[in-house]
Amino acid sequence: MTSRTTTRTRVTAASALLASSLLLVPLAGTAAAHPARVSPAVSAPGAAGFDATALERALAEVPDGDVSAALIRVGGRGSWSGSAGARDLRTGAPALPHARFRAGSTTKVVTAAVVLQLVAEKRVALDAPVSRYLPDLLPPSFTEPPTVRHLLTYTSGLHPGASLGSTTEEMYAHRFETLTPEEVVAASVARGPAHDPGDQQVYGNIHYTVLGMLIEKVTRDSYEHQAAVRVFRPLGMRHTGFPGGPDPRIHGPHNRAYTDIDGRTTDVTEWNMSDRFAAGDMISTTADLERLVFGLFGGKVVPRPLLDQMLTVPDIDGATYGMALERFVIGGREIWGKTGSRPGYHTVLGATRDLSRTVVYSVNAKSAREDGFPLVQRFALPAFDS
């Protein structure tokens, strides 16, 4: 496993200087609205099974009091893409349609894929206890260790781990500090099990933080490199990766992100997200996430028998997730999708199993970490309206 600092530390003085220059201004009057950039292959309502007019209307409203930029890609039977908003509220420059962004918990899809590749290689067994691969992970209070399958399906029974705050305001004060995955997990397992493995499905980052550690232990390599060589490079995801430890920057072209801190619109683009690790530290683009969707559902990432298991919801009351992905039924169609949210960034990827319809979006929104359904309803659901 790659070595990591085991205490919370401040990054360089340059990052501290960066912190002092973050924007703290009212939103009103800071940027002119920019017309949506739309590249439709089909544009009539209902054409090819989606409502392009509704998506164009959603983009035409950006920027507004919440969303400063939006990027959308629809694929499958008919394709469409569009972008709108501001790259930077200080300058009013138009949003970059191919911008990189913090993809949040869509990272979990990549983590699940890497684990399932290791299963296919017989280096990991789905129903083996995690203690087989991480023997020092669990204290004696875990009389029934969760299995790899339990971790993948959010049914491990682990408590949430350590964090740098429960609200955006609390986290903002610590945005340049480092909390290692080992510290996150240690705080979780010290509390003992929350419930018996397999009894409940409780979504959370902790399951995938442990899976990232498992990947590193089994491969004797960094999680980030394994994700690159097993998923990103084979699929041509050339603009996807991880920041590099505690680096708070998004390298390459990107749109600025904002949220409200103490009642003021605040630039939150620079942020050390390394504590999210294999659960949410990925940076990507909408085009690259679309490649991930087509590669995964097309059987190019995970062997189809394991993909079938990935897209199976456990027989538990209230369960909606398979492995990483959540199952929805929209207009009578089964959709598998994943959201990702970090301060200022909201991401969605979704698809039908047969890839007749896919959607990926990145929205820079102050409400990104709140209930994401209004954003999904506005920028994603029209892709499945026929």
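These are my notebook entries on a predicted model.

**Ground rules**

I number residues from 1 along each chain as its sequence is written.

**Entry: strand 3**

I started with strand 3, residues 67-76. Helices (H or I, at least four residues) and strands (E, at least two) are DSSP runs, numbered from the N terminus. I looked up burial: buried means under 20% relative accessible area, exposed over 50%, partly exposed in between (1.4 Å probe, protein chains only).

Next I looked up its partners; two strands pair if DSSP finds at least two bridges between them. Strand 3 pairs with strand 13 (residues 357-365) over 9 bridges, in the antiparallel sense. Strand 3 also pairs with strand 4 (residues 80-88), antiparallel, over 6 bridges. I followed Leu71 both ways. Its bridge partner in strand 13 is Ser362, and in strand 4 it is Ser83. Strands 3 and 4 form a hairpin with 3 residues between them. Gly78 in that turn has a positive phi of about 100°.

**Entry: helix 8 and its neighbours**

I took helix 7 (residues 206-219) against helix 8 (residues 223-235). Their axes are 9 Å apart and the packing angle is about 80°. Axes are lines fitted to C-alpha atoms, for helices over the stretch in contact, and angles run from 0 to 180 degrees between N-to-C directions. Angles under 35 degrees count as roughly parallel, over 145 as roughly antiparallel, 65 to 115 as roughly perpendicular and the rest as oblique. That makes helix 7 roughly perpendicular to helix 8.

I then listed contacts (heavy atoms within 4.5 Å). Gly212, Ile215, Glu216 and Thr219 in helix 7 meet Tyr223, Glu224 and Gln226 in helix 8.

Helix 3 (residues 107-120) came next; its axis and that of helix 8 come within 10 Å and cross at roughly 80°. Helix 3 and helix 8 are therefore roughly perpendicular to each other.

**Entry: tyrosine rings**

I checked aromatic pairs: rings of Phe, Tyr and Trp (its six-membered ring) pair if their centres lie within 6.5 Å; planes under 30 degrees apart count as stacked, over 60 as edge-to-face and the rest as tilted. The count comes to 9 aromatic pairs. Tyr154 and Tyr321 are edge-to-face, 4.9 Å centre to centre, with 65° between the planes. Tyr154 lies in the loop between helix 4 (148-152) and helix 5 (168-172) and Tyr321 in the loop between helix 11 (304-310) and strand 10 (326-330), so the pair ties together parts that are 167 residues apart in sequence. Both Tyr154 and Tyr321 are buried.

Tyr203 and Tyr321 have ring centres 5.1 Å apart and planes at 20°, so this pair is stacked. Tyr203 is partly exposed, at 31% relative accessibility. Tyr154, Tyr203, Tyr208 and Tyr321 form one aromatic cluster.

**Entry: Ser274**

I found Ser274 in the loop between strand 8 (264-267) and helix 9 (277-280). Ser274 counts as buried, at 12% relative accessibility. Leaving out residues up to four places away in sequence, Ser274 touches Thr178, Leu179, Gly245, Pro246 and Asp281.

Definitions and conventions. This is a predicted model: local features need pLDDT of at least 70, side-chain atom pairs count only at pLDDT 80 or more; totals for chains, interfaces and linings use all residues. Side-chain values use heavy atoms; hydrogens and water are left out.
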